[in-house]
Amino acid sequence: EMKSDFIDRLYDNPLIMAIKNDEELEKCIDYDNEIVFLLYGDVCNIQDKVSQLKSKGKFVLVHTDLIQGLSNKEIAVDFVKKYTESDGIISTKENCTKRANEIGLCSVLRYFVLDSMSYSNVKSQIKNVHADAVEILPGNMPKVISNISKMSNKPIITGGLISSKDEVMLMLKSGAVAISSTNSDVWQV
């Protein structure tokens, strides 16, 4: 049920607040956007940050690769499940998104598409992704997003380098179902 709730929220609330510090955490609480990508913290304070967001009704995904003290192994996902109220995880590691699905957390597999080689890797892997959604960075690549969205059976999120309403609309028209951004100006376009 949580996984379908996550997918519904992506379509209904296409602007995802990605936060990387306490100032942004405080700021995002006042916005109506429902989904938050938590991109910072450590094993000692991650539960406090997640709890603060959850108390305001946010749907929270923790980027396990960016939390100090966690590894890029499946045990990091188990930690998030056991010691936080997080709804899910984000990772660049498919083993982590697969583990999240096994234990009932939502998951987003993040890809960096920096050149033709990384694009080829995405093309070869996209059909067999063990995640609820795929995030492509940087985000301002309409043709690439369009092509990937046609290949994928998962919702596509895009983020990075998107800074205007026109860019948000272009990416949504290109096949992304949601945009993640650390730019608070984008949160309210």
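This is a predicted model: local features need pLDDT of at least 70, side-chain atom pairs count only at pLDDT 80 or more; totals for chains, interfaces and linings use all residues.

Modeller: V36 belongs to strand β2, which covers residues 35-38, and β3 takes in residues 59-63. These two strands pair in the parallel sense, over four bridges. To get from one to the other, look at helix α3, residues 46-54: β2, α3 and β3 make a right-handed β-α-β unit.

Now try the other neighbour. Strand β1, residues 15-19, pairs with β2, again in the parallel sense, this time over three bridges. Here I19 stands opposite L38 in β2. There's a helix to go with this pair as well: β1, helix α2 (residues 22-28) and β2 make a right-handed β-α-β unit.

Next, step back to the loop between α2 and β2, where you'll find E34. E34 forms a salt bridge with R9, and their closest N and O atoms are 3.0 Å apart. R9 is in helix α1, 25 residues away from E34, so this pair links distant parts of the chain. E34 isn't tucked away completely: its relative accessibility is 26%, so it counts as partly exposed. The general idea is simple: side chains of opposite charge can pair when their charged atoms come close.

The side chains of K54 and D87 meet in a salt bridge, 2.8 Å from N to O. K54 sits in α3, while D87 is in the loop between α4 (74-83) and β4 (88-91), 33 residues apart. K54 is partly exposed, with a relative accessible area of 24%, whereas D87 counts as buried because its relative accessibility is 8%, under the 20% cut-off.

Last, have a look at L39. L39 is among the residues closest to the centre of the largest pocket, along with L137, G160, S181 and T182. That pocket has a volume of about 180 Å³, and its lining has five nonpolar, five polar and three charged residues. Strands β6 (133-137) and β8 (178-181) each supply at least two residues of that lining.

Note on methods. Residues are numbered from 1 along each chain as its sequence is written. Side-chain values use heavy atoms; hydrogens and water are left out. On a 1 Å grid over the protein atoms alone, a cavity is a set of points where a 1.4 Å probe fits but cannot get out, and a pocket is an open set with protein on both sides within 12 Å along at least five of seven lines; lining residues have an atom within 4 Å of a point. Grid points are joined across faces, edges and corners, and a volume is the space filled by probe spheres set on the points. Ala, Val, Leu, Ile, Met, Phe, Trp, Tyr, Cys and Pro count as nonpolar, Asp, Glu, Lys and Arg as charged, and the others, Gly among them, as polar. Buried means under 20% relative accessible area, exposed over 50%, partly exposed in between (1.4 Å probe, protein chains only). Two strands pair if DSSP finds at least two bridges between them. A crossover is right-handed if, with the strands pointing away from the viewer, the path from the first strand over the helix to the second runs clockwise. A salt bridge is a side-chain nitrogen of Lys or Arg within 4 Å of a carboxyl oxygen of Asp or Glu.
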